[in-house]
Amino acid sequence: MKSFGFLSFGHYDAEGELNAGQMLRDAVEISVGADELGINGAYFRVHHFAPQAASPVPLLSTIAARTRTIEIGTGVIDMR
């Protein structure tokens with residue numbers, strides 16, 4: 001296999017137990033773990049109605065600072 005990546009469809013908490021900060025921390029930790037496993041790409045989509053995922057650039061910046069080789073980017077950007 002030459003490359004393998006994932007597209008995050010978001011983390012929805014129907015029970016209301018997680019806050020936005022925890023959802024973002026989870027995304028960073030998943031990306032760090034994927035980088036350690038040798039996964040080639042991590043892509044995140046924008047969620048218009050989810051405040052914690054409305055702007056992917058700060059999340060991608062944090063992931064870039066914590067990883068070494070994984071390619072990061074946006075899978076879908078809405079045109080507001």
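Visitor: In which sense do E1 and E2 pair, and over how many bridges?

Guide: E1 and E2 pair in the parallel sense, over 4 bridges. Before we go on, please keep in mind that this is a predicted model, where local features need pLDDT of at least 70, side-chain atom pairs count only at pLDDT 80 or more, and totals for chains, interfaces and linings use all residues. Residues are numbered from 1 along each chain as its sequence is written, and side-chain values use heavy atoms, with hydrogens and water left out.

Let's stay with the strands. Helices (H or I, at least four residues) and strands (E, at least two) are DSSP runs numbered from the N terminus, and two strands pair if DSSP finds at least two bridges between them. Phe 6 has Ala 42 in E2 as its bridge partner. Strand E2, residues 41-45, is also joined to E3 by 5 bridges, and these two run parallel. There, Gly 41 stands opposite Glu 71 in E3. Put together, the 3 strands form an open sheet in the order E1-E2-E3, with parallel pairing. Strand E1 (5-8) and strand E3 (71-76) are at the edges with a single partner strand each, so one side of each has no neighbour in the sheet. On average, neighbouring strands of this sheet are turned by 25° against each other, direction ignored.

Now look at what lies on the sheet. Helix H2, residues 56-66, lies across E2 and E3 and runs at about 160° to E3. Such angles, from 0 to 180 degrees, are taken between N-to-C directions of axes fitted to C-alpha atoms, for helices over the stretch in contact. Pro 56, Leu 59, Leu 60 and Ile 63 are the buried residues of H2 (buried is under 20% relative accessible area, exposed over 50%, partly exposed in between, with a 1.4 Å probe and protein chains only). Seen down the axis of H2, they fall within an arc of 95°, so they line one face of the helix; the arc uses the directions from the helix axis to the C-beta atoms. On the other side of H2, Val 57, Pro 58 and Ala 65 are exposed. The cover over the buried residues of H2 includes helix H1 (20-37), E2 and E3.

Finally, follow H1. H1 and H2 pack at an angle of about 35°, with their axes 10 Å apart. Their contact (heavy atoms within 4.5 Å) is made by Leu 24, Ala 27, Val 28, Glu 29, Ser 31 and Val 32 of H1, and by Leu 59, Thr 62, Ile 63 and Arg 66 of H2. Thr 62 has 38% relative accessibility, so it counts as partly exposed. Thr 62 and Val 28 are 34 residues apart in sequence, yet 7.2 Å apart in space, C-alpha to C-alpha.
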